[in-house]
Amino acid sequence: MSINDDPVTTLADLRGDLAGRHKWTPSGGASVDPALVDADMAALDRDGYVIWENLLDADECQRIRDVVAPWLGPTGRNSFEGRRTQRIYSVLSRTRVCDRLADHPRVLAVLDRLLMPNYLLSALQAINIQPGESAQLPHHDDGFYPIPRPRDPLAAATIWAIDDFTPDNGATVLYPGSHRWGRRPPGPEDRVLPVVMPAGSCVFFVGTLWHGGGANTTGHARLAVTAQYCQPWLRPMEAFTLSIPREMARTVSDDLQRMIGYSIHPPFVGAVDGLHPLRLLGETR
Ligand SMILES: O=C(O)CCC(=O)C(=O)O
(Lines give C-alpha, C1' and ligand atoms only; values in the text may rest on other atoms or scores of the structure.)
Protein backbone atom coordinates (compact mmCIF):
# COMPACT_ATOMS: atom_id res chain seq x y z
CA MET A 1 0.00 0.00 0.00
CA SER A 2 1.46 3.39 -0.92
CA ILE A 3 1.67 6.21 1.63
CA ASN A 4 0.21 9.63 0.82
CA ASP A 5 1.64 12.50 2.88
CA ASP A 6 -0.94 15.08 1.72
CA PRO A 7 -3.18 16.21 4.60
CA VAL A 8 -6.83 15.13 4.43
CA THR A 9 -8.98 18.15 5.16
CA THR A 10 -12.30 16.99 3.66
CA LEU A 11 -13.69 13.58 2.65
CA ALA A 12 -13.31 14.67 -0.97
CA ASP A 13 -9.51 14.56 -0.46
CA LEU A 14 -9.84 10.78 -0.11
CA ARG A 15 -11.25 10.32 -3.61
CA GLY A 16 -7.86 9.60 -5.13
CA ASP A 17 -7.12 6.90 -2.62
CA LEU A 18 -8.41 3.33 -3.18
CA ALA A 19 -10.78 4.63 -5.82
CA GLY A 20 -7.96 6.29 -7.68
CA ARG A 21 -5.97 3.08 -7.91
CA HIS A 22 -9.01 0.97 -8.83
CA LYS A 23 -10.73 3.21 -11.29
CA TRP A 24 -14.27 2.66 -12.43
CA THR A 25 -14.22 0.94 -15.81
CA PRO A 26 -17.00 1.19 -18.43
CA SER A 27 -19.70 -1.47 -18.22
CA GLY A 28 -21.09 -3.57 -21.07
CA GLY A 29 -23.64 -0.77 -21.41
CA ALA A 30 -21.01 1.25 -23.27
CA SER A 31 -21.81 -0.86 -26.36
CA VAL A 32 -25.36 0.56 -26.59
CA ASP A 33 -26.09 3.44 -28.99
CA PRO A 34 -26.27 6.57 -26.79
CA ALA A 35 -29.35 7.77 -28.71
CA LEU A 36 -31.23 4.64 -27.55
CA VAL A 37 -30.16 5.29 -23.98
CA ASP A 38 -31.28 8.93 -24.26
CA ALA A 39 -34.73 7.70 -25.31
CA ASP A 40 -34.84 5.16 -22.47
CA MET A 41 -33.86 7.83 -19.95
CA ALA A 42 -36.55 10.18 -21.27
CA ALA A 43 -39.18 7.42 -20.86
CA LEU A 44 -37.96 6.67 -17.33
CA ASP A 45 -38.08 10.31 -16.39
CA ARG A 46 -41.61 10.73 -17.79
CA ASP A 47 -43.25 7.38 -16.95
CA GLY A 48 -40.91 5.66 -14.50
CA TYR A 49 -40.59 2.58 -16.73
CA VAL A 50 -39.56 1.43 -20.18
CA ILE A 51 -40.39 -1.82 -22.00
CA TRP A 52 -37.92 -3.57 -24.33
CA GLU A 53 -39.53 -6.26 -26.44
CA ASN A 54 -37.90 -9.52 -27.55
CA LEU A 55 -34.41 -9.15 -26.07
CA LEU A 56 -34.29 -12.94 -25.58
CA ASP A 57 -35.18 -15.51 -28.22
CA ALA A 58 -37.47 -18.52 -27.77
CA ASP A 59 -34.53 -20.90 -27.13
CA GLU A 60 -33.11 -18.70 -24.36
CA CYS A 61 -36.53 -18.54 -22.66
CA GLN A 62 -36.91 -22.32 -22.95
CA ARG A 63 -33.46 -22.88 -21.42
CA ILE A 64 -34.41 -20.73 -18.44
CA ARG A 65 -37.72 -22.58 -18.04
CA ASP A 66 -35.92 -25.94 -18.18
CA VAL A 67 -33.26 -24.93 -15.66
CA VAL A 68 -35.58 -23.39 -13.07
CA ALA A 69 -38.40 -25.96 -13.35
CA PRO A 70 -36.88 -28.49 -10.91
CA TRP A 71 -36.46 -25.77 -8.26
CA LEU A 72 -40.07 -24.58 -8.39
CA GLY A 73 -41.39 -25.95 -5.12
CA PRO A 74 -43.08 -24.29 -2.20
CA THR A 75 -45.28 -21.23 -2.61
CA GLY A 76 -44.83 -17.93 -0.74
CA ARG A 77 -44.76 -17.61 3.06
CA ASN A 78 -47.14 -14.64 3.03
CA SER A 79 -49.42 -12.80 0.63
CA PHE A 80 -46.59 -10.49 -0.47
CA GLU A 81 -44.44 -13.39 -1.65
CA GLY A 82 -47.73 -14.85 -2.88
CA ARG A 83 -49.58 -17.87 -1.51
CA ARG A 84 -49.82 -19.21 -5.06
CA THR A 85 -46.47 -17.90 -6.24
CA GLN A 86 -43.24 -19.88 -6.38
CA ARG A 87 -40.02 -17.92 -5.89
CA ILE A 88 -36.48 -19.01 -6.47
CA TYR A 89 -34.07 -16.77 -4.61
CA SER A 90 -30.35 -16.40 -5.19
CA VAL A 91 -30.57 -17.53 -8.81
CA LEU A 92 -27.02 -16.27 -9.37
CA SER A 93 -25.60 -18.86 -6.98
CA ARG A 94 -27.54 -21.71 -8.65
CA THR A 95 -27.02 -21.31 -12.38
CA ARG A 96 -25.26 -19.22 -15.02
CA VAL A 97 -28.37 -19.31 -17.23
CA CYS A 98 -29.66 -15.90 -16.08
CA ASP A 99 -26.32 -14.05 -16.02
CA ARG A 100 -26.94 -12.45 -19.42
CA LEU A 101 -30.22 -11.04 -18.10
CA ALA A 102 -28.58 -9.48 -15.04
CA ASP A 103 -25.72 -7.90 -17.03
CA HIS A 104 -27.60 -7.21 -20.26
CA PRO A 105 -26.01 -4.18 -22.02
CA ARG A 106 -29.37 -2.45 -22.45
CA VAL A 107 -29.94 -2.64 -18.70
CA LEU A 108 -26.42 -1.59 -17.75
CA ALA A 109 -26.50 1.37 -20.16
CA VAL A 110 -29.45 2.81 -18.26
CA LEU A 111 -28.08 1.92 -14.82
CA ASP A 112 -24.80 3.65 -15.73
CA ARG A 113 -26.76 6.90 -15.96
CA LEU A 114 -29.34 6.33 -13.25
CA LEU A 115 -27.18 5.11 -10.36
CA MET A 116 -23.69 5.90 -9.08
CA PRO A 117 -20.63 4.01 -10.40
CA ASN A 118 -20.26 0.51 -8.95
CA TYR A 119 -24.00 0.11 -8.37
CA LEU A 120 -24.84 -3.33 -7.00
CA LEU A 121 -27.03 -6.25 -7.95
CA SER A 122 -29.62 -6.38 -5.19
CA ALA A 123 -31.57 -9.50 -6.16
CA LEU A 124 -31.88 -12.10 -8.89
CA GLN A 125 -35.01 -14.21 -8.55
CA ALA A 126 -37.39 -16.30 -10.60
CA ILE A 127 -41.08 -15.67 -9.89
CA ASN A 128 -43.71 -18.14 -11.06
CA ILE A 129 -47.26 -16.85 -10.53
CA GLN A 130 -49.62 -19.80 -10.55
CA PRO A 131 -53.29 -19.94 -11.58
CA GLY A 132 -55.57 -18.50 -8.90
CA GLU A 133 -53.01 -16.06 -7.48
CA SER A 134 -54.45 -12.68 -6.52
CA ALA A 135 -52.85 -9.31 -7.17
CA GLN A 136 -49.79 -8.56 -5.03
CA LEU A 137 -49.75 -5.61 -2.65
CA PRO A 138 -48.63 -2.56 -4.67
CA HIS A 139 -45.21 -1.38 -3.53
CA HIS A 140 -42.10 0.38 -4.77
CA ASP A 141 -38.90 -1.60 -4.50
CA ASP A 142 -36.76 0.98 -2.75
CA GLY A 143 -39.50 1.37 -0.10
CA PHE A 144 -37.56 -1.17 1.96
CA TYR A 145 -35.00 1.56 2.61
CA PRO A 146 -36.38 3.94 5.27
CA ILE A 147 -35.71 7.18 3.42
CA PRO A 148 -38.83 9.29 2.86
CA ARG A 149 -40.24 10.25 -0.55
CA PRO A 150 -40.28 12.24 -2.73
CA ARG A 151 -36.69 11.59 -3.71
CA ASP A 152 -34.58 10.17 -6.51
CA PRO A 153 -34.68 6.40 -6.88
CA LEU A 154 -32.21 4.45 -4.74
CA ALA A 155 -32.68 1.36 -6.85
CA ALA A 156 -34.07 0.00 -10.13
CA ALA A 157 -35.56 -3.29 -11.28
CA THR A 158 -36.06 -5.39 -14.36
CA ILE A 159 -38.74 -8.01 -14.84
CA TRP A 160 -38.07 -10.39 -17.71
CA ALA A 161 -41.04 -12.24 -19.22
CA ILE A 162 -40.00 -15.86 -19.67
CA ASP A 163 -43.61 -16.71 -20.57
CA ASP A 164 -45.81 -14.26 -22.48
CA PHE A 165 -47.26 -11.63 -20.12
CA THR A 166 -51.00 -11.27 -20.87
CA PRO A 167 -53.61 -9.00 -19.23
CA ASP A 168 -54.91 -11.84 -17.02
CA ASN A 169 -52.00 -14.26 -16.36
CA GLY A 170 -50.23 -12.28 -13.62
CA ALA A 171 -48.38 -9.75 -15.77
CA THR A 172 -46.70 -7.14 -13.59
CA VAL A 173 -48.93 -4.10 -13.08
CA LEU A 174 -47.44 -0.61 -12.98
CA TYR A 175 -48.73 2.79 -11.92
CA PRO A 176 -47.32 5.02 -14.68
CA GLY A 177 -45.83 8.24 -13.35
CA SER A 178 -46.04 7.09 -9.71
CA HIS A 179 -42.26 7.47 -9.32
CA ARG A 180 -42.95 11.18 -8.84
CA TRP A 181 -45.52 10.76 -6.07
CA GLY A 182 -44.78 11.91 -2.54
CA ARG A 183 -45.72 9.64 0.35
CA ARG A 184 -49.14 8.53 -0.88
CA PRO A 185 -49.85 4.92 -1.93
CA PRO A 186 -51.94 4.10 -5.02
CA GLY A 187 -55.72 4.55 -4.78
CA PRO A 188 -58.68 3.22 -6.81
CA GLU A 189 -58.65 6.32 -9.05
CA ASP A 190 -55.07 5.74 -10.25
CA ARG A 191 -54.38 4.28 -13.69
CA VAL A 192 -52.96 0.75 -13.56
CA LEU A 193 -51.11 -0.70 -16.52
CA PRO A 194 -50.63 -4.46 -16.95
CA VAL A 195 -47.27 -4.96 -18.68
CA VAL A 196 -48.42 -7.04 -21.63
CA MET A 197 -45.33 -8.22 -23.50
CA PRO A 198 -44.14 -11.32 -25.33
CA ALA A 199 -41.80 -13.85 -23.73
CA GLY A 200 -38.21 -12.61 -23.96
CA SER A 201 -39.16 -8.99 -23.25
CA CYS A 202 -38.11 -6.91 -20.28
CA VAL A 203 -39.67 -4.07 -18.33
CA PHE A 204 -37.20 -1.78 -16.54
CA PHE A 205 -38.48 0.57 -13.85
CA VAL A 206 -37.05 2.88 -11.23
CA GLY A 207 -37.16 1.93 -7.55
CA THR A 208 -39.71 4.64 -6.78
CA LEU A 209 -42.35 3.31 -9.22
CA TRP A 210 -45.39 1.68 -7.60
CA HIS A 211 -46.10 -1.78 -9.05
CA GLY A 212 -46.94 -5.37 -8.13
CA GLY A 213 -47.47 -8.84 -9.51
CA GLY A 214 -50.88 -9.13 -11.22
CA ALA A 215 -53.70 -11.60 -10.51
CA ASN A 216 -53.53 -14.81 -12.52
CA THR A 217 -57.06 -15.76 -13.57
CA THR A 218 -55.90 -18.14 -16.33
CA GLY A 219 -55.18 -21.84 -16.13
CA HIS A 220 -51.43 -21.41 -16.76
CA ALA A 221 -48.48 -20.23 -14.67
CA ARG A 222 -46.50 -17.09 -15.56
CA LEU A 223 -42.73 -17.33 -15.19
CA ALA A 224 -40.54 -14.22 -14.87
CA VAL A 225 -37.00 -13.46 -13.78
CA THR A 226 -36.35 -10.26 -11.90
CA ALA A 227 -32.96 -8.61 -11.48
CA GLN A 228 -32.81 -5.66 -9.10
CA TYR A 229 -30.05 -3.14 -8.54
CA CYS A 230 -29.21 -0.52 -5.89
CA GLN A 231 -26.87 2.34 -5.20
CA PRO A 232 -23.34 1.19 -4.29
CA TRP A 233 -23.66 2.56 -0.75
CA LEU A 234 -26.81 0.58 0.12
CA ARG A 235 -27.18 -2.93 1.46
CA PRO A 236 -28.50 -5.22 -1.31
CA MET A 237 -31.56 -7.38 -0.63
CA GLU A 238 -29.66 -10.60 -1.35
CA ALA A 239 -26.19 -10.95 0.21
CA PHE A 240 -24.31 -12.22 -2.83
CA THR A 241 -20.91 -11.92 -1.16
CA LEU A 242 -22.15 -14.61 1.25
CA SER A 243 -24.05 -16.82 -1.22
CA ILE A 244 -21.54 -16.86 -4.08
CA PRO A 245 -18.35 -18.80 -3.33
CA ARG A 246 -15.14 -17.15 -4.53
CA GLU A 247 -14.45 -19.90 -7.09
CA MET A 248 -17.83 -19.09 -8.64
CA ALA A 249 -17.27 -15.34 -8.46
CA ARG A 250 -14.12 -15.80 -10.57
CA THR A 251 -16.21 -17.31 -13.38
CA VAL A 252 -18.76 -14.51 -13.84
CA SER A 253 -18.38 -11.43 -16.04
CA ASP A 254 -16.47 -8.35 -14.85
CA ASP A 255 -19.78 -6.49 -14.67
CA LEU A 256 -21.30 -9.16 -12.43
CA GLN A 257 -18.20 -9.30 -10.25
CA ARG A 258 -18.46 -5.58 -9.74
CA MET A 259 -22.21 -5.80 -9.07
CA ILE A 260 -22.01 -8.61 -6.52
CA GLY A 261 -19.61 -6.64 -4.34
CA TYR A 262 -16.13 -6.96 -5.81
CA SER A 263 -16.00 -3.18 -6.10
CA ILE A 264 -16.01 -0.23 -3.76
CA HIS A 265 -17.93 2.97 -3.32
CA PRO A 266 -15.06 5.42 -2.84
CA PRO A 267 -13.23 5.82 -0.68
CA PHE A 268 -13.89 2.86 1.66
CA VAL A 269 -17.41 1.40 1.33
CA GLY A 270 -17.06 -2.29 0.48
CA ALA A 271 -13.32 -2.55 1.23
CA VAL A 272 -11.94 -5.77 2.77
CA ASP A 273 -9.24 -5.37 5.39
CA GLY A 274 -8.57 -1.90 4.00
CA LEU A 275 -8.04 -3.19 0.45
CA HIS A 276 -10.04 -3.55 -2.73
CA PRO A 277 -12.19 -6.72 -2.61
CA LEU A 278 -11.02 -7.88 -6.05
CA ARG A 279 -7.82 -8.97 -4.30
CA LEU A 280 -9.84 -11.82 -2.79
CA LEU A 281 -10.25 -13.19 -6.31
CA GLY A 282 -6.52 -13.16 -6.83
CA GLU A 283 -6.41 -9.90 -8.76
CA THR A 284 -3.09 -8.18 -8.34
CA ARG A 285 -4.23 -4.68 -9.38
O1 LIG B 1 -43.76 -10.85 -10.33
C2 LIG B 1 -44.03 -9.67 -10.60
O3 LIG B 1 -44.56 -9.36 -11.67
C4 LIG B 1 -43.69 -8.56 -9.65
C5 LIG B 1 -43.18 -9.06 -8.33
C6 LIG B 1 -42.71 -7.97 -7.44
O7 LIG B 1 -42.80 -6.80 -7.73
C8 LIG B 1 -42.08 -8.33 -6.16
O9 LIG B 1 -42.22 -9.45 -5.69
O10 LIG B 1 -41.43 -7.43 -5.55
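Reply: Happy to! Six strands form an open sheet in the order 1-7-4-9-3-2, with antiparallel pairing. Strands here are DSSP runs of E with at least two residues, helices are runs of H or I with at least four, and both are numbered from the N terminus; two strands pair if DSSP finds at least two bridges between them. This is a predicted model, in which local features need pLDDT of at least 70, side-chain atom pairs count only at pLDDT 80 or more, and totals for chains, interfaces and linings use all residues. Residues are numbered from 1 along each chain as its sequence is written.

At the edges of the sheet stand strand 1 (49–52) and strand 2 (85–88); each has a single partner strand, so one side of each is left without a neighbour in the sheet. On average, neighbouring strands of this sheet are turned by 20° against each other, direction ignored (axes are lines fitted to C-alpha atoms, and angles run from 0 to 180 degrees between N-to-C directions). Within the sheet, strand 4 (residues 155–161) and strand 7 (residues 202–206) run antiparallel and are joined by five bridges. Trp 160 stands opposite Cys 202 in strand 7.

Seven of the ten residues of helix 6 (residues 105–114) are buried, so helix 6 is largely enclosed by the rest of the structure. A residue is buried if 20 or more other C-beta atoms lie within 10 Å of its own, exposed if 12 or fewer, and partly exposed in between, with C-beta atoms placed from the backbone. The buried residues of helix 6 are Arg 106, Val 107, Leu 108, Ala 109, Val 110, Leu 111 and Leu 114. They pack against strand 1, strand 4, strand 7 and strand 9 (222–230), and also against helix 2 (34–47) and helix 9 (254–259); contact here requires C-beta atoms, placed from the backbone, within 7 Å.

Leu 137 sits in the loop between strand 3 (120–129) and strand 4, and with 12 C-beta neighbours inside 10 Å it counts as exposed. Leaving aside residues up to four places away in sequence, Leu 137 touches Ser 79, Phe 80 and Gly 212. Pro 150 lies in the loop between strand 3 and strand 4, and the peptide bond from Arg 149 to Pro 150 is cis, with omega near -5°. Most residues other than glycine have a negative phi, and most peptide bonds are trans. With 13 C-beta neighbours inside 10 Å, Asn 54 counts as partly exposed.

Around it are Ile 127, Gln 136, Ile 159, Thr 172, His 211, Gly 212, Gly 213 and Ala 224, where being near means a C-beta atom, placed from the backbone, within 6 Å. This shell divides into three nonpolar, five polar and no charged residues; Ala, Val, Leu, Ile, Met, Phe, Trp, Tyr, Cys and Pro count as nonpolar, Asp, Glu, Lys and Arg as charged, and the others, Gly among them, as polar.

Finally, a second open sheet is formed by three strands in the order 6-5-8, with antiparallel pairing. Its edges are strand 6 (193–194) and strand 8 (211–212).

Note on methods:
Two residues are in contact if their C-beta atoms, placed from the backbone, lie within 7 Å.
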